Amino acid sequence: MKVGFIGAGKAGCSLGKYFSKSDKVSVTGYYSLIEEEAGWAAAFTETEMFNTPNEVVAASDSIIISTPDGAVKDVWNGLDKELIKGRIICHLSGSLSSDVFSGIGNYGGYPISIHPLFAFSDKESAYKELNSVCFTLEGHPFAVSAWEKCIEACGNQAVIIKKESKPLYHAAASILSNHVIAILDTGYRLLHECGFSEEQARRYTASLVRENVEHVIKSGSMDALTGPIERNDTDTVLKHLQVLDDDDRTLYKTCGRILLDISGKKNADRDYGRLSEILKD
């Protein structure tokens, strides 16, 4: 498959470099509104820099629109539709579905959304971490089948989802990626209030955080669960709630109710009735 990119940001550059290492994918090159970025991406991947988006389309079997989400529709609307027949048009948005390519069937093209479950940190080295990344695919069956084969040929796994699931899928990915940072930052801030420096809070809890996450990944949330809620230690939970401000108390209770649900499944013979009342809104 010959793959070209419209957009030369972190995701586009990283995926282009990664795909170019596979003998199943031939990266044709890049176009970007910022010429210097397209030139850098082309040099980085040893491919071509194109002067217009339509040049990318003409040179490629699959065209990946690797722009910010808000620009995907504008890029699609600006393409020469006479070039679309037989080609696969892709975007990398986690939240948008392939429906953003409105009317593509009228031009003989095949739409797909491709989303790597990965946070791209930079353009130069992120591609080295893509070996174990899973890609979600949603779109026309022809495009999904073609890209599933390419992704698996690169040694990665692909999961096919429905377009109706894209918002829920992206919410899940955001919680697992970004919202986890909010939880960690809250814990670090509370330790800072206890006298830890910010650097100490991160360093001295690294094992606690890392081992817990690894345990969840390896064995699941239920097996990894410990702590006062799982132990049904109402006195300790009440002490926690007494020292937290309103926002932190709300966060504690919201997370606590989820932990309580897991605890109930783990310890079916344990009565969590009082704790349930304590953790209500």
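Strand 1 (residues 2–6) pairs with strand 4 in the parallel sense, over four bridges; strands are DSSP runs of E with at least two residues, helices are runs of H or I with at least four, and both are numbered from the N terminus. Two strands count as paired if DSSP finds at least two bridges between them. In this pairing, G4 stands opposite I63 of strand 4. The model is a predicted one, in which local features need pLDDT of at least 70 and side-chain atom pairs count only at pLDDT 80 or more, while totals for chains, interfaces and linings use all residues. Residues are numbered from 1 along each chain as its sequence is written, and side-chain values use heavy atoms, with hydrogens and water left out.

Strand 4 (residues 62–65) is covered on both faces. S62 and I64 on one side are buried, as are I63 and I65 on the other; buried means under 20% relative accessible area, exposed over 50% and partly exposed in between, with a 1.4 Å probe and protein chains only. Strand 4 also pairs in the parallel sense with strand 5 (residues 88–91), again over four bridges. Here the bridge partner of I65 is H91 in strand 5. Together with helix 4 (residues 69–78), strands 4 and 5 make a right-handed β-α-β unit. A crossover is right-handed if, with the strands pointing away from the viewer, the path from the first strand over the helix to the second runs clockwise.

The structure holds ten aromatic pairs. Rings of Phe, Tyr and Trp (its six-membered ring) pair if their centres lie within 6.5 Å; planes under 30 degrees apart count as stacked, over 60 as edge-to-face and the rest as tilted. The pair of F5 and Y30 is stacked, because the ring centres are 5.0 Å apart and the planes are at 15 degrees. This pair links distant parts of the chain, with F5 in strand 1 and Y30 in strand 2 (residues 26–31), 25 residues apart. Both F5 and Y30 are buried. F118 and F120 form an edge-to-face pair, with 5.0 Å from centre to centre and 80 degrees between the planes. F118 counts as partly exposed because its relative accessibility is 22%, whereas F120, at 14%, counts as buried. Ring pairs also link Y18, F19, F135 and W147 into a cluster.

Two lysines are placed over aromatic rings. A charge sits over a ring if NZ of Lys or CZ of Arg is within 6 Å of the ring centre and within 35 degrees of the ring normal. K17 lies over the face of Y127, 5.8 Å from the ring centre. The charged end of K81 sits over the ring of W76, at 4.6 Å from its centre.
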